[in-house]
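Please look through the sequence and the three-dimensional structure shown here before reading on. The report then takes the parts of the fold in turn.

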Amino acid sequence: MSAALVSITPNLPRPAWLRAPAPVGQNYRELKDLITRLGLHTVCESAACPNVGECWNHRTATFMILGNVCTRRCGFCAVQKGAPLEVDYDEPRRVAEAVAALGLRFAVITSVNRDDRKDGGAELFALTIRAIRERIPGCGVEVLVPDFQGSHAAMDLVLDAAPDVLNHNTETVPRLYRQVRLGAQYERSLDMLAYAKRAAPRTPVKSGLMLGLGETNEEVLRVMHDLRAHHVDILTLGQYLRPSLKHLPIVRYVPPAEFDDLRGAGYAMGFAHVESGPLVRSSYHAADCVPVSPALR
């Protein structure tokens, strides 16, 4: 196989079946006002998620802590890159306030990469989990964490706060890492996922990939096998959508039938839940992906 990374192709026309609701409506406006008033960030806006209209109109959002400036320069991501912001230790309280105002029973928390910090920002993840639990007892919490540069001690900080789901995205196949996930390492991500499962066996571990960046079907299946071998429980598969012309091009649009086939393959491999479709993102329908309800564990 050629060692070439993502090929440069002209803009592909978006297929008719790949459409998301526009970000409009009263719930959307109210949530936007709430986020602005509390001085918070969401990955929905910062990463230009195509599902922001649907999710916000259902009063769900993925909160992004530790600022909105990332220390890495991944070729697929719309989040601003540059010098990181100061850590805001009041942010966990405000996230919990937003979760309470929205009446959420399941909250999703993610962050930018913070390679400037020894713990990669793990401390603020733990503080946010605890702030939500204190403000809204019984609320489930999923955290989508960075790789913490491979620090098991940082992962322990997060797991000690007992999230209901621990998510870390693999994002793509190993061959494409140098261009798609600059600063990340495939084996390191697998190690962090496996460590999370060893350290907290009852906590569902989750990971996801974007498709359409030039990977082959065989490579995707190989990553899925690797994830199961490293005890990942939940898998998400979605179509990569280019945020701007400055980002990596879309090599192809993966048809819904292929996502259906991959869903079936994932269940055959033993994943407890597989969310697979063109508009799927790692936090899409997150509460529905949990194999066992947080209230029952």
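## The chain as a whole

This is a predicted model, and its secondary structure comes to ten helices and ten strands. Of the 297 residues of the chain, 54% count as buried.

Eight of the strands form an open sheet, and their order across it is β1-β2-β5-β6-β7-β8-β9-β10, with mixed pairing. At the edges are β1 (41–42) and β10 (273–276), each of which pairs on one side only.

## Strand β6 and its neighbours

Strand β6 covers residues 140–144, and five of its five residues are buried. Both of its faces are covered, with Gly140, Glu142 and Leu144 buried on one side and Val141 and Val143 buried on the other. Strand β5 (residues 106–111) pairs with β6 in the parallel sense over five bridges, and within this pairing Ala107 stands opposite Val141. To get from β5 to β6 the chain passes through helix α5 (residues 122–135), in a β-α-β crossover that is right-handed.

Strand β7 (residues 165–167) also runs parallel to β6, and three bridges join the two. Leu144 has Asn167 of β7 as its bridge partner, while β6, helix α6 (residues 152–159) and β7 together make a right-handed β-α-β unit. Because its relative accessibility is 0%, Asn167 counts as buried. Leaving aside neighbours within four places in sequence, Asn167 is in contact with Glu142, Val143, Leu144 and Val145, and also with Lys206, Ser207 and Ser282.

## Strand β9 and its neighbours

Strand β9 is mostly covered, since six of its six residues are buried. On one side these are Ile234, Thr236 and Gly238, and on the other they are Leu235, Leu237 and Gln239, so that both faces of β9 are covered. Six bridges join β8 to β9, and these two strands run parallel; Gly208 stands opposite Thr236, and Leu211 stands opposite Gln239. The chain crosses from β8 to β9 through α9, and this β-α-β crossover is right-handed.

Four bridges join β9 to β10, which run parallel, and the bridge partner of Leu237 in β10 is Ser276. A right-handed β-α-β unit is made by β9, α10 and β10.

## Helix α9

What span should helix α9 have, given its number of residues? At 1.5 Å a residue, the 13 residues of α9 (residues 217–229) should span 18 Å, and the C-alpha atoms at its ends are 18 Å apart, which agrees.

The buried residues of α9 are Glu219, Val220, Val223, Met224 and Leu227. Seen down the helix axis, the buried residues of α9 fall within an arc of 140°, so they line one face of the helix. The face of α9 turned away from the buried side carries the exposed residues Glu218 and Ala229. Among the elements that cover the buried residues of α9 are α8 (186–199), β8 (205–211), β9 (234–239) and α10 (256–269). After α9 comes His231, whose phi is positive, near 70°.

Nonpolar side chains tend to be buried together in soluble globular proteins. In this model the largest nonpolar core has 74 residues, and those with the most contacts inside it are Phe63, Val99, Ile109, Ile132, Val143, Val158 and Leu227. Helix α5 gives the most to this core, with seven residues. Apart from this core lies another one, of five residues, among them Val108, Val165, Ile234 and Val290.

Which residues does Val143 touch, not counting those up to four places away in sequence? Val143 touches Ile109, Phe125, Ile129, Val158, Pro163, Val165, Leu166 and Asn167.

## A residue in helix α7

Gln179 lies in helix α7 (residues 177–180). Because its relative accessibility is 25%, Gln179 counts as partly exposed. Gln179 and Leu248 are 69 residues apart along the chain, and their C-alpha atoms are separated by 8.5 Å.

Methods
Residues numbered from 1 in each chain as written. Predicted model: local features only at pLDDT ≥ 70, side-chain atom pairs only at ≥ 80, totals over all residues. Heavy atoms only, no water. Expected span 1.5 Å × (residues − 1). Buried < 20%, exposed > 50% of the residue type's maximum accessible area, 1.4 Å probe, protein only. Arc of directions from axis to C-beta. Contact = heavy atoms within 4.5 Å. Pairing = 2+ DSSP bridges. Right-handed = clockwise from strand over helix to strand, strands pointing away. Core = buried A, V, L, I, M, F, W, Y, C linked by side-chain atoms within 4.5 Å.
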